[in-house]
Amino acid sequence: MPTETYQFQVEARQLLQMMIYSVYSNKDVFLRELISNASDALDKLRLAALRDDTLEADVSDLHIAIEANAQARTLTVRDNGIGMTHDEVVELIGTIANSGTAQFLQEWEEAQDTALAEGLIGKFGVGFYSAFMVADEITLLTRRAGQSQGTRWTSSGEGTYTIEEVDDAPQGTAVVLRLKNADTEDQLHDYTSAPTIRAIVKRYSDFITWPIKMAAPAGAATEEAESEGGADDTAAEPKTLNSMKALWTRSREEVPDEEYHELYRHISHDSMDPLETIRLQAEGTFEYQALLFIPSHAPHDLFTQGYRRGIQLYVKHVSIMEDCEALLPPYLRFVKGVVDAQDLSLNVSREILQQDRQIQRMHRRLTKKVLATIKDWMSGNPERYAAFWREFGRVLKEGLLSDFDNRQAILGVCSFASTHQAAEPTTLSQYVERMKDGQEHIFYITGESRQTIENSPHLEAFRAKGIEVLMLTDPIDTVWVDTLPEFDGKQLQSVAKGEIDLDSTEEGDNSSAENERENRRQEYAGLLAWLTNQLGQNVKEVRLSSRLTISSACLVSDTHDITPALESLYRAMGQDVPRTKRILELNPDHSLVNGLNKAYTERNNDAGSGTDLGEIAELLYDLALLSEGGTPNDPSRFTKLMADRLERTLV
């Protein structure tokens with residue numbers, strides 16, 4: 001048959017140009033696309049041969065061949081797979097030529113959002129056309145397995161394309177690219193270079209199940225010949241470029257740990273072995289396999305803005321994205337691995353995933369699998385859990401603020417320092433098991449370090465009554481703990497917020513203790529009212545404390561107010577947060593407070609007539625600040641007042 005020449009529609013020409021120059025961010029992916037198409041063709045031939053014993057097709061050596069010619073500036077990607085008929089070439093390869101419409105172009109121009117525009121382009125064309133990024137002309141020669149007639153398709157990607165039937169086409173498909181000249185400024189590499197081809201295959205197509213073979217490029221110098229200053233035109237035995245070791249497709253028993261560790265080191269660039277290898281296989285309407293690794297140590301840049309997170313995403317063993325952030329939440333960003341899906345909705349570039357239900361389903365299941373693995377360690381391998389928590393506990397707790405669906409599961413694998421035992425952290429479940437009869441709350445305290453917290457006056461009554469308190473020292477603890485309503489039916493309560501009633505944890509009748517507290521309040525009522533007025537610029541109230549047994553005073557936040565630590569965190573993030581006044585609590589059993597009350601009473605409730613009691617009130621407030629690791633509002637005045645008081649004791 002004569003050569004048939006077809007004219008691109010005006011809209012289709014524009015569409016093709018946008019595909020070539022707007023969709024793909026990396027020109028190297030053209031080779032990945034051609035290899036992926038070739039792999040699909042081989043899969044289809046193998047399946048067809050199994051279904052049809054009469055199919056006249058050679059399936060003895062199925063493979064993909066890459067042939068480069070440096071002198072002719074051509075690159076050929078060839079397979080001996082299923083091939084295409086004349087009609088299939090028109091239908092499949094000509095798809096983009098026949099799908100351009102003015103309506104599509106109008107939608108493209110109106111798409112303000114880049115992701116939306118890329119979503120539109122994903123509805124048209126095939127990856128085959130990405131080769132026009134690097135080629136001035138493409139020739140496709142193909143013959144359907146079991147048929148005698150072949151088809152040749154040729155186009156420069158401009159105004160026309162031609163189709164003709166040929167008699168001498170081999171089984172399968174060969175795509176011949178007449179390459180553009182290399183241009184480093186435009187990131188257009190020399191794709192006749194053997195090292196360049198090997199690197200691209202290794203990066204994107206290493207796990208393709210079919211061998212990808214390549215002989216030394218024709219007209220190119222081998223390494224031996226280059227050392228002698230000449231070219232080697234002798235034919236070389238083709239070498240297989242890909243490992244074909246998709247470990248996730250093999251059973252656990254077939255793969256030694258060292259092969260898993262080698263893959264982990266390859267994808268994570270970590271010199272150490274992983275802490276855990278997680279395998280997952282989903283079957284049914286949507287099939288995928290996952291091989292995840294939990295590192296043994298946290299990378300130094302885990303909390304930096306530029307940290308690259310994400311799982312490598314493959315579709316049918318072809319690398320689609322190196323860092324697919326959509327597969328795991330940010331608080332599991334330390335997890336490395338591979339997910340290989342059999343059928344996934346992709347945009348044409350394979351670089352931009354559509355946010356569809358399949359991605360969301362994988363995200364949910366992978367997240368639950370990682371959390372379940374950590375949970376299993378807690379009972380089955382506590383040493384491994386302890387090592388994990390030291391390295392990644394801080395980042396995992398970020399999920400308490402972002403992943404409400406899995407919040408209880410995350411809490412279940414968290415552990416915290418506690419007053420129960422200094423050397424070993426505790427889980428919330430363990431805390432609940434040790435709670436005293438009548439105790440209704442899980443008590444906690446936040447601070448910069450365990451040393452600061454242990455010396456906090458807020459713990460005195462809890463320590464005296466043997467009530468356990470969690471010690472939360474990570475900055476993120478001050479945020480998530482206020483958003484958590486309860487765990488296992490028990491509300492979380494800060495020992496430095498609101499009023500604390502510990503008498504409910506005591507056995508017997510507590511009415512006498514309540515009567516005593518009421519008598520104390522009446523006894524100190526005048527002093528408390530005066531102090532509230534005297535320190536009104538810094539505190540909202542002065543009251544007697546039920547949490548102090550040793551210290552004279554402490555500062556607490558009101559029940560629904562934010563803590564000073566949270567205020568500081570918001571300000572560090574650039575948020576303008578109004579200063580919140582706190583409550584000063586006094587210990588009526590402390591000699592300083594008792595003496596202050598007597599002095600106030602002896603002056604006929606007219607403490608304002610002198611300055612001594614006012615200065616003592618200032619010192620009392622500043623001492624409360626210092627006891628929790630704070631700083632007096634006016635350090636120089638504090639030191640002067642303290643020096644004056646010390647001087648008087650020596651006179």
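In the predicted model described here, strand 12 and strand 13 (residues 318-324) pair in the antiparallel sense over four bridges, where helices (H or I, at least four residues) and strands (E, at least two) are DSSP runs numbered from the N terminus, and two strands pair if DSSP finds at least two bridges between them. Residues are numbered from 1 along each chain as its sequence is written. Because the model is predicted, local features need pLDDT of at least 70 and side-chain atom pairs count only at pLDDT 80 or more, while totals for chains, interfaces and linings use all residues, and side-chain values rest on heavy atoms, with hydrogens and water left out.

Within this pairing, Val315 stands opposite Val318 of strand 13, and in the hairpin, which has two residues between the strands, Lys316 takes a positive phi near 55°. Strand 12 is also joined by four bridges to strand 14 (residues 336-341), and these two run parallel; here Tyr314 has Asp340 as its bridge partner. In a regular strand the side chains alternate between the two faces of the sheet. Both faces of strand 12 are covered, with Ile311, Leu313 and Val315 on one side and Gln312 and Tyr314 on the other all buried (under 20% relative accessible area, with exposed over 50% and partly exposed in between, for a 1.4 Å probe and protein chains only).

A further sheet is open and consists of six strands in the order 16-15-18-17-20-19, with mixed pairing. Strand 16 (426-427) and strand 19 (486-487) stand at its edges with a single partner strand each, so one side of each is left without a neighbour in the sheet. Inside the order, strand 17 (residues 441-446) and strand 18 (residues 470-472) run parallel and are joined by three bridges, and Ile445 has Met471 in strand 18 as its bridge partner.

Leaving aside neighbours within four places in sequence, Ile66 is in contact (heavy atoms within 4.5 Å) with residues including Leu31, Ile35, Leu75 and Leu241.
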